[in-house]
Amino acid sequence: MRFLPLLLAVVLVVPACSATGSSGTVTVLASWLQNKDGTGEGDRFREVLDAFESKENIKVNYVGTRALTQVLQSEVLKGTPPDIAVLSSPGELASLARQQYVKPLDTIVAQPEDQYSKQWQELEKVGRDKRYGVAIKADLKSLVWFNPSRTPRPPDGFGLTGYTWCGGLGGTPDSGWPGTDWIEDILLHQAGPEAYRKWASGQPQAPSTLAVPPVWNNDIVRRAWSTWGEVLAKSNPRSVLLTDFGDAGRPLFAGTPGCGLDHQPSFIAGVYQGYDEKPLPGKDFDFTAFPGLGSTTKSWEVSADMAAMFNDTEPARKLISFLAGPEAQRIWPGRGGAFSVNRKVEPAVYPNDVSKRIAGTLTASDTLCFDASDLMPATVRTAFYRAVLEYVNAPDREQRLPGLLAELDQVSASLSDEWLEVRCGTG
Amino acid sequence: MTVTAERVKVTPRSTTKRRLQRWVVGLLAVSVVLVGLSWWFYEDVHRTIDTVRTKAAPAQLAAAAAKSALAKADYLALHSFPVRDQTGTPAQELSGWPGDQYQNQIAVVSQSLAQVAEDNLAGDAGSQQIQLVEGLLVAYTGWIEQADMHRREGSDVLATVDIWYASRLLNTTDTGVLAQMDLLLKTQQEAMDDQLPSGFTGIVRTVLLGLSFLALAAMLVLVQVFLRWRFRRSVNIYLGAATVLLVGFAVFPVVTVVAQGQLSSATGELRDVVDVWQSRTADTVGAGQQQLNSIMVPVCRDGCGETVARFGGTAAPPWSGRQPALNDPDIGTKTKQANQRIADAGVAGLDLVLVLAGLALIALVVAGFWRRILEYRFEAR
């Protein structure tokens, strides 16, 4: 009998302890992998999730896989999606939102303008009327990189053809995408965000009654391709075709100077730093904005990895809300290799001036547009990549162009119901 | 006074009943522990052997086969790639490229991946890796089809670019298809290793079985001595029978320990076969990359940029110089031997015999004490 009070205490206290041991579980799927040495992107993201676990006492089961699209499609169709998935393609997120597989986040995540600019509030809607995504990390495109010790900073509005450009279209498994970035940037900066939106959403620039609407084979798109053709005039097409995008910038730092400018997104800074020459940001490489080519709107192309919620559970709500907040948003940039779009993330968290300026641009008031090819139906996107390769290789590009664009129009018309409309974010 | 003294005199209490109870409880406890451990270890080792035979080995061999077939397919595509001679005439008929052998190897890749999926031992991680490899495989065959199309159209440069992209997709460090296939194989090997008893576990099991066997044997001998001393009987027949049965029961722990050793040896052989296969695949990959280099040289006389330059220098994977064997009967023989070793491990089907023998052992122990227990049943404590 003397052990009875002790037994009662154990019986009563143990369940109480286990009840406060964890307040639930949330499953998260993303493409970032963890390394054994702790240096993977998945390890950085895990640090964000660890902070959430400590704060909310909710367990997070994280799965990182490079086969994100296939795994997610399979799980969604089986009716067992993760609570939260981080998608790298806004087109994919928009498609899932259209099919109502993901939940709107407006009632879960506050969007004060001191944290998220109007542009990002618009982009995170991915063309819908409600917010469906929370940008975990973002990249700025429309950047032109140079080596300040070899090439003076190009002036505002510099001419594209006045420089020797680095070129590399290789990028497995989707070789050709660096060329689509070129055409997108040129079109955005020549014709402006509205023309860009029409093209990216599969609409002709002017009302058309043709059976195959000229989404591609029109003056605006043709002019963008031709402008890129002028840029390519000084390049060796075989070199452009056979060089990986990650190797394209090597001549900026090589013993024998090669090209002067490199058109690449913000993540290329990490690639440069892995070169043998170990170039330093600010000293050995810097960037300037892609020049305006006629459009009066200051605009940038962007990409983002966005978290979306598939199961509306309390732990999932808490995690989404946490991921959107400044506390979570400053963890990864603080470790390097990521940019936040949350304005509360102080510039001081970024390791150098180059990163600070990129982060500043992402949160400023210029117009931001998602990468157009990311929004196109997958078949059109692949055709676009391949058309770029054909164009570079063509001995007479101007002669080849109308035929290529007509072929793209044929492909586009056959998939007319798969196009998405995602507006650029404007201030 | 005498009467009173006689009244308070207490008869000395017998300790026999208590000692009998202790012997019974002790013998039964050790018997149950021995039988229970023998059954548990026997089941566990044979279940693991079964898993290795039906899942782990087929999954690993299929993963190695898939990688080997893909490397061969790439080599065949590169080896038969129709390079034009200096007069501009195709050195080989286009209709034959990439050829039936290439198609056959791609079919082997698909079938092998399906086999890995069927026998996948690595759960979600394995399934996700298979999905990734299958997705990349589609991209690879897509580039080869593009190369074929461009060759037929006469776009030699684009065809070369396509086959370059295809080969890069296959061979890129860490993210290439072959690297992902290595990861697939690794996940299957790690899943098997998780199922196998570690060296420490094996020793602990052997020691526990040995100790419980020796303890029961010693107790059965000692209890005979005790009973002989206390009840003046020469031998307790039931306990004697239990002792004889115990000697026979030793076969189960021995079978288990031997099976554990056979399992360890068979899985080691499986790993060796996979390693040899991987090494042969590396030869095929190396030969393919040399072939790619020879395709690129004439195309790139005027320079092809940083990536091709680095490929021709240091970026190409090392190659032993051995030419690939498209049909490798040696691997087939080794695989067969490894599978046979796994199939031969252990002695399956003894679990029921083990349980019955265990129950008989326990019953004999109880029977050996039954009469004495009945005798002392009503004696006060």
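## A strand pair to start from

In chain A, A:Val144 sits opposite A:His263, a residue of strand 6. The two strands here, strand 5 (residues 143-146) and strand 6 of chain A, pair in the antiparallel sense over 3 bridges. Pairing takes at least two DSSP bridges between two strands. Helices and strands are DSSP runs numbered from the N terminus, with at least four residues of H or I for a helix and at least two of E for a strand.

A word on conventions: this is a predicted model, where local features need pLDDT of at least 70 and side-chain atom pairs count only at pLDDT 80 or more, while totals for chains, interfaces and linings use all residues. Residues are numbered from 1 along each chain as its sequence is written, and chains are lettered from A and ligands numbered from 1 in the order in which they are written.

Strand 4 (residues 134-140) of chain A is mostly covered, with 7 of its 7 residues buried. Buried here means 20 or more other C-beta atoms within 10 Å of the residue's own, exposed means 12 or fewer, and partly exposed is in between, with C-beta atoms placed from the backbone. Strand 4 pairs with strand 8 (residues 299-309) of chain A in the antiparallel sense, over 6 bridges. One spot to look at is A:Val134, whose bridge partner in strand 8 is A:Ala307.

Helix 15 (residues 353-362) of chain A has A:Ser355, A:Ile358, A:Ala359, A:Thr361 and A:Leu362 buried. Looking down the axis of helix 15, these buried residues fall within an arc of 160°, so they line one face of the helix; the arc is taken over the directions from the helix axis to the C-beta atoms. Strand 4 and strand 8 of chain A are among what covers the buried residues of helix 15.

## The nonpolar core

The largest nonpolar core has 210 residues, and those with the most contacts inside it are A:Ile84, A:Val134, A:Met306, A:Ala308, A:Ile320, B:Ala66 and B:Val177. Such a core is a set of buried Ala, Val, Leu, Ile, Met, Phe, Trp, Tyr and Cys residues joined through C-beta atoms within 7 Å. Helix 2 (residues 16-79) of chain B gives the most to this core, with 27 residues.

Take A:Met306 as an example. Leaving aside neighbours within four places in sequence, A:Met306 is in contact with residues including A:Val86, A:Leu93, A:Glu124, A:Val134 and A:Ile136. Contact means that the C-beta atoms of two residues, placed from the backbone, lie within 7 Å.

Chain B has 12 helices and 0 strands. Buried residues make up 39% of its 381 residues. Of the contacts in chain B with a separation of 6 or more, 82% are between residues 24 or more positions apart.

At the interface, 26 residues of chain B are in contact with 25 residues of chain A. On the chain B side, helix 4 (123-153), helix 5 (156-171) and helix 10 (305-315) are the elements that give two or more residues. That side divides into 13 nonpolar, 8 polar and 5 charged residues. Here Ala, Val, Leu, Ile, Met, Phe, Trp, Tyr, Cys and Pro count as nonpolar, Asp, Glu, Lys and Arg as charged, and the others, Gly among them, as polar.

Most residues other than glycine have a negative phi, and most peptide bonds are trans. A:Thr172 and A:Pro173 are joined by a cis peptide bond, with omega about -5°, and A:Pro173 lies in the loop between strand 5 and helix 6 (177-191) of chain A.

Two residues have positive phi. A:Gln100, in the loop between helix 4 (90-98) and helix 5 (118-123) of chain A, has phi near 60° and is exposed, with 8 other C-beta atoms within 10 Å. A:Val126, in the loop between helix 5 and strand 4 of chain A, has phi near 40° and counts as buried, with 30 C-beta neighbours inside 10 Å.
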